[in-house]
Amino acid sequence: MIKGIINKLIRTWVKFFHWCQTHISDKQTLIALAFLVGVGCAIAAAILKSIVETLHHWVNTSFSAGNLNYLFLATPIMGIFIASTFVKYIVKDDISHGVTKIMYAISRNKAVIKAHNMWSSIVASSITIGFGGSVGAEAPIVLTGSAIGSNLGRLFRLDQKKMMLLVGCGATGAVAGIFKAPITGVLFTLEVLMLDLTMASIVPLIVTAITATVFTFLISGTDSQFVFDTTTTLNPQNIPYYVLEGVVCGLVALYFVRGSNKLESFFRNIDSRGKKMAIGGCMLSLLIFFIPPLYGEGYNTISDLINGNSEAITQSSVFYEFRENFGMMCLFCVLIVFFKIFATAATNGSGGTGGIFAPSLFMGCVTGYFTASVINHIKLGQLPTKNFALAGMAGVMAGVMHAPLTSTFLIAEITGGYGLFLSIMTVAVTAYITIRTFEPHSLYAMRLAQKGELYTHHIDKNVQMMLDIEDLIDKDLCIIKPKMTLGDVVDIIKKSNRNIFPVVEEGVLKGILTINDIRNVMFQPEYYKTLKVEQLMTGASALIYVENTAMKKKVQEEIAAKHAEMDLKKRSISASQKEEEMERLKEFSGDTVDEIMKKFEYTKAWNLAVVKKKSKIYVGFLNRARVFNAYRDLLQKMSEE
């Protein structure tokens with residue numbers, strides 16, 4: 001009966017799919033799918049928020065955080081253990097670094113994101129954050145939204161360009177839905193995920209952003225993320241101080257990026273899952289015990305600071321007795337900013353799941369408040385600390401993500417602080433310029449950039465990454481063998497319309513023979529039986545390598561077996577071992593389009609032989625004109641509209 005229902009559903013879907021192809025244009029289909037992605041993102045964001053709030057309520061009512069109840073120390077460890085176990089035994093896949101995964105999918109995986117990401121990130125991150133993990137829910141929901149877009153695109157069999165756009169729609173809808181910030185959602189996709197801004201792309205993104213925001217309003221109301229009362233408008237005389245704050249935020253963002261990378265490397269090098277959870281869980285618990293604002297996303301602290309209630313952030317901490325002492329309050333702020341990356345890295349590194357949106361906003365808010373407080377204390381000015389706290393959020397976020405526009409509009413949309421737009425933008429741009437002096441890529445992009453796998457606004461590089469070289473390989477050339485005679489070759493030439501012949505023995509390329517190589521003897525019959533191909537052939541001026549799938553699969557199987565053995569021993573793979581494994585796999589990976597074009601350039605050849613990496617098994621030939629024509633056509637297609 002169930003099988004019959006499934007078959008009926010499949011037949012219905014096939015009929016509907018064919019109807020769509022014949023009655024609806026591609027643009028209409030894309031707009032409709034963008035709308036569906038927006039609805040899905042709004043629902044996913046609502047589910048994630050609801051679970052996090054429910055868990056927060058349960059934890060806070062079960063254990064008395066206000067009295068520093070020692071049982072409260074256990075909750076972050078519980079969350080990390082549950083989330084880590086869920087990922088390891090149910091998901092069985094890495095779901096961390098959500099935005100980096102999206103960028104990789106766009107640049108290297110034809111915009112394909114696994115189906116489980118539509119729900120697995122929601123579960124893992126809500127458990128992590130709900131029990132006190134010091135991370136944000138935004139990156140996991142962005143991965144969820146992008147996965148919804150990717151899998152809808154696959155369901156409707158869209159081409160790669162439209163798939164990329166739907167993945168971007170998913171990210172847009174996720175940001176718009178969780179923050180109720182439609183403009184920020186669009187800017188995030190264009191600025192961080194680096195999709196090209198054309199009319200063909202902007203309309204679906206706007207449709208998704210509006211849809212996600214409207215449905216979020218229907219589900220949870222129209223209130224902003226934070227309540228902020230703009231009692232003090234922008235004073236032009238304070239602009240230099242906002243520039244100074246931007247520099248400070250840029251340096252804090254640099255500390256965030258570099259410190260996070262080092263701490264993540266530390267946790268990756270721990271070879272036991274149990275040790276990771278023990279070290280990370282204990283570190284996080286102790287940090288939360290002594291610095292309570294590090295608990296969870298930190299949005300309560302942000303709300304207190306931007307509303308002028310700075311004393312509230314010391315509640316439940318040992319600093320509460322010194323809340324009126326300026327020096328101790330400054331020390332507390334410094335400790336919060338300094339240890340926040342430890343709490344975030346401990347959460348993710350020990351098995352939890354979360355993002356850096358919330359931590360960057362949190363650190364920025366505290367940094368902005370601290371900067372204004374110090375300037376006021378030394379009587380350099382009389383600055384509104386809550387305005388500076390608000391602008392600081394944009395500053396650190398702009399630095400960490402290399403996204404000044406996204407951060408500016410996000411802060412304006414989630415607080416309603418449009419009256420401070422100029423000051424927010426000043427801090428964001430200054431912070432961005434500051435960190436760009438030291439780091440060319442955002443925290444999301446730097447891992448991919450180091451591997452040359454980053455999709456960027458550089459359209460030439462994007463076209464190169466999207467070209468499918470396998471489709472351009474000419475595989476119908478006549479193959480000859482080294483022991484063949486000149487007479488045998490002449491007979492083959494009579495039947496061929498090509499002037500180049502690969503010399504292959506047992507599948508391996510041995511050399512190349514062209515008509516030019518034998519032109520002076522091919523019309524002399526006396527040499528037909530005496531001259532051999534191995535005497536006439538020449539070596540290849542350069543070889544183009546494609547992925548050796550068989551050998552790569554064998555290595556992958558060996559690595560998987562090793563990992564299974566390590567799991568039985570309850571040990572984790574260290575970072576150095578992972579790097580060695582990556583290097584082994586890279587040995588069987590093919591040339592990039594950029595490398596192929598460089599080989600054509602320096603050899604000045606029109607045809608180059610293609611072989612499998614390592615084994616040199618012959619595959620075919622690549623024609624220079626064909627590659628450049630395909631490149632030009634794809635460039636034109638991406639630039640149209």
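This is a predicted model: local features need pLDDT of at least 70, side-chain atom pairs count only at pLDDT 80 or more; totals for chains, interfaces and linings use all residues.
Some overall numbers. The protein has 26 helices and 5 strands. Of its 641 residues, 53% are buried. Its accessible surface comes to about 29,300 Å². Carbon and sulfur atoms hold 60% of that surface.

Let me start with one residue. Isoleucine 122 lies in helix H5, residues 120-130. Is isoleucine 122 buried or exposed? Its relative accessible area is 8%, under the 20% cut-off, so isoleucine 122 is buried. What is isoleucine 122 in contact with, leaving aside neighbours within four places in sequence? The list is Ala44, Ile47, Leu48, Ile141 and Thr144. Take Ile47 from that list. Isoleucine 47 and isoleucine 122 are 75 residues apart in sequence. In space, C-alpha to C-alpha, they are 7.9 Å apart.

Now to the helix pairs. Two packed helices are described by the distance between their axes and the angle between them.

First pair: H12, residues 299-306, and H14, residues 357-377. Their axes come within 10 Å. They cross at roughly 30°. That angle is under 35 degrees, so H12 counts as roughly parallel to H14. The crossing is left-handed. Who meets whom? H12 brings Tyr299, Thr301, Ile302, Leu305 and Ile306. On H14 they meet Ala358, Leu361, Phe362, Cys365, Val366 and Tyr369. By class, the residues of this contact are 10 nonpolar, 1 polar and no charged.

From H14, the residues in the contact are Phe357, Ser360, Leu361, Met363, Gly364, Cys365, Thr367, Gly368, Tyr369, Ala372, Ser373 and Asn376. From H15, they are Thr385, Phe388, Ala389, Gly392, Met393, Val396, Met397, Val400 and Met401. How do the residues of the contact of H14 with H15 divide? There are 13 nonpolar, 8 polar and no charged.

One last point on H14. Leu361, Cys365 and Tyr369 are among the residues that meet H12. Leu361, Cys365 and Tyr369 are also among those that meet H15.

Methods:
Residues are numbered from 1 along each chain as its sequence is written. Side-chain values use heavy atoms; hydrogens and water are left out. Axes are lines fitted to C-alpha atoms, for helices over the stretch in contact, and angles run from 0 to 180 degrees between N-to-C directions. Helices (H or I, at least four residues) and strands (E, at least two) are DSSP runs, numbered from the N terminus. Angles under 35 degrees count as roughly parallel, over 145 as roughly antiparallel, 65 to 115 as roughly perpendicular and the rest as oblique. A crossing is left-handed if the near helix is turned anticlockwise from the far one by less than a right angle, and right-handed if clockwise. Contact means heavy atoms within 4.5 Å. Ala, Val, Leu, Ile, Met, Phe, Trp, Tyr, Cys and Pro count as nonpolar, Asp, Glu, Lys and Arg as charged, and the others, Gly among them, as polar. Buried means under 20% relative accessible area, exposed over 50%, partly exposed in between (1.4 Å probe, protein chains only). Accessible areas come from the Shrake-Rupley method with a 1.4 Å probe; for residues, only the protein chains shown count as cover.
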